[in-house]
Amino acid sequence: MARLIDDLLDVSRISSGKILLKKRREDLVAVVRTVVEDHRAEAARANVSVQFTAREPLLVNGDAVRLSQCISNILGNAFKFTDPGGRISVVLERRGDTAVVRVSDNGVGMDPETLARAFEPFAQSDVHLARGRGGLGLGLSLVKALVELHGGTVKATSAGQGRGTEVSIRLPLVASAPPATEADSPEFPGPPTIGGTCS
Ligand SMILES: Nc1ncnc2c1ncn2[C@@H]1O[C@H](COP(=O)(O)OP(=O)(O)O)[C@@H](O)[C@H]1O
Ligand SMILES: [Mg+2]
């Protein structure tokens, strides 16, 4: 209930232009990794495996709380619409000057009509409503608004009912800090590598 009210408040804040983003340089990989870790218990309960893949830090100018909220909404949907034994994969990668997060599941999928309306407020398909577990149909509309406030885009694809869903977010990368000079850092390390799987 608290979450539903929060969603409603956020929608009205966004539509009245009263949402304040606290943007700073953030590693999107770290932000998303934390959200995935926070969903471990839910994954175990739902008997759904979650695989997380990222090769390198992806720096964006963003509000970590709001970006977490976006990923959490998308991941929450993936859990809600994926049956026990299913799989979710969260992949982060750099595409030119853009950071891409892709959350895909092998769950119930979306028909073209649901897909077309998925980001509209209060859009919920009857098929999906039958799965219960609440929600007002505001999650993805909030994701879209918040991502756009970050200068990004969001997209959903599905090959159809029963064939899984992928929701992806693209955000502009910020240029990484200029490399330290040898005088600043005598043992300048190579670029950090991040990777891993959690299920
Ligand atoms: N991973 C997914 N798999 C299948 N359908 C989805 C998925 N994510 C979203 N949808 C569809 O988009 C609708 C809108 O999602 P959302 O805005 O988060 O609302 P809610 O979760 O409250 O129903 C859902 O009701 C469902 O019909
Ligand atoms: Mg939702």
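**Helix packing around H7**

Student: At what angle do helix H4 and helix H7 pack?

Tutor: Helix H4 (residues 64-80) and helix H7 (residues 139-149) pack at an angle of about 150°, and their axes are 9 Å apart. Axes are lines fitted to C-alpha atoms, for helices over the stretch in contact, and angles run from 0 to 180 degrees between N-to-C directions. Helices (H or I, at least four residues) and strands (E, at least two) are DSSP runs, numbered from the N terminus.

Student: What does the model rest on?

Tutor: This is a predicted model, in which local features need pLDDT of at least 70, side-chain atom pairs count only at pLDDT 80 or more, and totals for chains, interfaces and linings use all residues. Residues are numbered from 1 along each chain as its sequence is written, chains are lettered from A and ligands numbered from 1 in the order in which they are written, and side-chain values use heavy atoms, with hydrogens and water left out.

Student: Which residues of H4 and H7 meet?

Tutor: From H4, Arg66, Gln69, Cys70, Asn73, Ile74 and Asn77 meet Gly139, Leu140, Leu142, Val143, Leu146 and Val147 of H7, where contact means heavy atoms within 4.5 Å. The residues of this contact comprise seven nonpolar, four polar and one charged. Here Ala, Val, Leu, Ile, Met, Phe, Trp, Tyr, Cys and Pro count as nonpolar, Asp, Glu, Lys and Arg as charged, and the others, Gly among them, as polar.

Student: How many residues of H7 are buried?

Tutor: Eight of the eleven residues of H7 are buried, and the helix is mostly covered. Buried means under 20% relative accessible area, exposed over 50%, and partly exposed in between (1.4 Å probe, protein chains only). The buried residues are Gly139, Leu140, Ser141, Leu142, Val143, Ala145, Leu146 and Val147. They pack against H1, H4, strand S6 (153-157) and strand S7 (165-172).

Student: On to H1, then. Which of its residues are buried?

Tutor: In H1, Asp7, Asp10 and Ile14 are buried. They cover an arc of only 65° around the axis, which puts them on the same side of H1; the arc is that of the directions from the helix axis to the C-beta atoms. H4 and H7 are among what covers these buried residues. On the other side of H1, Ala2 and Ser15 are exposed.

Student: What follows H1 and H7?

Tutor: Glycine 17 follows H1, with a positive phi near 65°. Glycine 151 follows H7, with a positive phi near 75°.

Student: And glycine 152, is it buried or exposed?

Tutor: Glycine 152 is buried, at a relative accessible area of 8%, and sits in the loop between H7 and S6. Its C-alpha atom is separated by 5.3 Å from that of arginine 170, 18 residues apart along the chain. Apart from neighbours within four places in sequence, glycine 152 contacts Val147, Arg170, Leu171 and Pro172.

Student: Where is asparagine 47?

Tutor: Asparagine 47 lies in the loop between helix H3 (40-46) and strand S2 (49-54). Its phi is near 55°, a positive value in a residue other than glycine. Asparagine 47 is partly exposed, with a relative accessible area of 48%.

Student: Last one: what does glutamate 26 touch?

Tutor: Not counting residues up to four places away in sequence, glutamate 26 touches Val31, Leu58, Leu59, Val60, Gly62 and Ala64. Glutamate 26 is in strand S1 (residues 24-27) and counts as buried because its relative accessibility is 14%.
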